[in-house]
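Dear colleague,

Please find the structure below, handed over for your study. A short account of the findings follows it.

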Amino acid sequence: MTNPIMSADRDQVLIAFNEVADVPSEKQVRDWMNRYPQFAEDIREHAEFKRELAEAPEEDFAEPDDAMLATARSRALNILHDIQQKAAANQTQSPTWSEILSSSAMDIPALARKIDIDRSVLAELNAGRMRFPIGERLLLALCDALDLSRGCIEMAIEQLSSGPRKLGQAKARGPMTINSRSYEEVINASQMTPEKKQYWLGD
């Protein structure tokens, strides 16, 4: 069954890719396909379409008159409106981390067991005290365990890290500070074995 979140995320990725260049290079196409493998075919097709459009000989096109220009402008505005509407809808549909866990009927201990990681790591993530970005292996493990797209998980985690739930103790005569740590610091502070820490710190 198609995941509605993943489907919506595809539109966001293609909109962003469309702004990379008028004619994307092979390297740009490969980079985007590696970054979003679940949309690799869509990215490749979009790149080929842009190349064909750019390579079409000028003589194939008739000199536009005022009516043709007005029609083209109207169509362009309609397309832009549709893209903006889709982007706004996608933003609204992006679930929070709490909603993701709830819809998956999973809590932090259960998720930690499923991906075989120290629950303290996910507890720090859940509390928003782990700074983004997180490790590639943890990101992929979460995508697999929760059956969601990379973009969906990334957006939910970024929301967590932008608003930690617990703040550090205020320094004397100073502002309150946020006790946040990098992904590497959280992994190294866990009770996992050195071998398992090395695994989660790997690519």
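Is Glu-136 buried, partly exposed or exposed? With a relative accessibility of 31%, Glu-136 is partly exposed, where buried means under 20% relative accessible area, exposed over 50% and partly exposed in between, for a 1.4 Å probe and protein chains only.

The model is predicted: local features need pLDDT of at least 70, side-chain atom pairs count only at pLDDT 80 or more, and totals for chains, interfaces and linings use all residues. Residues are numbered from 1 along each chain as its sequence is written, and side-chain values use heavy atoms, with hydrogens and water left out.

Glu-136 forms a salt bridge with Arg-150 (2.8 Å, N to O); the term denotes a side-chain nitrogen of Lys or Arg within 4 Å of a carboxyl oxygen of Asp or Glu. Arg-150 belongs to helix α9 (residues 150-161) and Glu-136 to helix α8 (residues 136-146), so the pair ties together parts that are 14 residues apart in sequence. Helices are DSSP runs (H or I, at least four residues), numbered from the N terminus. Arg-150 itself is buried, at 17% relative accessibility.

In total, 11 salt bridges are counted. One of them joins Arg-10 and Asp-42 (3.2 Å, N to O). Arg-10 lies in helix α1 and Asp-42 in helix α3 (residues 40-55), so this pair links parts that are 32 residues apart in sequence. Arg-10, Asp-11 and Asp-42 are connected in a network of salt bridges.

Yours sincerely

Technical notes:
Helices (H or I, at least four residues) and strands (E, at least two) are DSSP runs, numbered from the N terminus.
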